Amino acid sequence: KCGAWGCFDEFNRLEPEVLSAVSQQIQVIQAALKERKTTVDLLGKVIEVNSNSGIFVTLNPAGKGYGGRSELPDNLKQLFRS
């Protein structure tokens with residue numbers, strides 16, 4: 001098996017409601033990776049988790065001349081800090 005990665009460019013351009021929903025799913029995946037689980041339940045469907053996977057996001061600051069960007073929720077900020 002091989003792993004996979006996902007990079008979400010300009011992540012904070014999502015609508016706040018969508019950003020919140022996606023953030024919850026990323027939390028579930030990140031927790032499964034951290035706990036070395038082999039499966040995860042996403043929206044009622046059991047999905048296999050490969051430990052060689054990763055999730056990355058890019059974003060520009062909210063405000064400061066970058067229109068349409070939202071602040072990331074605190075719970076999501078914590079997931080992407082070392």
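In the predicted model, Leu72 is in contact (heavy atoms within 4.5 Å) with Phe11, Asn12, Leu19, Leu59 and Lys77, residues up to four places away in sequence being left out. Buried denotes under 20% relative accessible area, exposed over 50%, and partly exposed the range in between (1.4 Å probe, protein chains only).

The model is a prediction, in which local features require pLDDT of at least 70 and side-chain atom pairs count only at pLDDT 80 or more, whereas totals for chains, interfaces and linings use all residues. Residues are numbered from 1 along each chain as its sequence is written, and side-chain values use heavy atoms, with hydrogens and water left out.

Val40 and Leu42 make up the covered face of strand E2 (residues 39-42), while Thr39 and Asp41 lie on the uncovered face. Helices (H or I, at least four residues) and strands (E, at least two) are DSSP runs numbered from the N terminus. E2 pairs with E3 in the antiparallel sense over four bridges; pairing requires that DSSP find at least two bridges between two strands. Leu42 is placed opposite Lys45 of E3. The two strands E2 and E3 form a hairpin with two residues between them, and Leu43 in the turn has a positive phi of about 55 degrees.

Asn50 is located in the loop between strand E3 (45-48) and strand E4 (54-57). Asn50 counts as buried because its relative accessibility is 18%. A polar atom of the Asn50 side chain lies 2.8 Å from the backbone nitrogen of Asn52.

Gln30, in helix H1 (residues 16-34), has a relative accessibility of 19% and therefore counts as buried. Beyond residues up to four places away in sequence, Gln30 touches Ile55, Leu79 and Phe80.

Thr58 lies in the loop between E4 and helix H2 (74-79). With a relative accessible area of 31%, Thr58 is partly exposed. Neighbours within four places in sequence aside, Thr58 is in contact with Cys7, Phe8, Asp9, Glu10 and Phe11. Thr58 and Asp9 are separated by 49 residues in sequence, and their C-alpha atoms are 4.8 Å apart in space.

Definitions and conventions. Polar contact = N/O pair within 3.5 Å; in protein donor to acceptor, adjacent residues only side chain to side chain.
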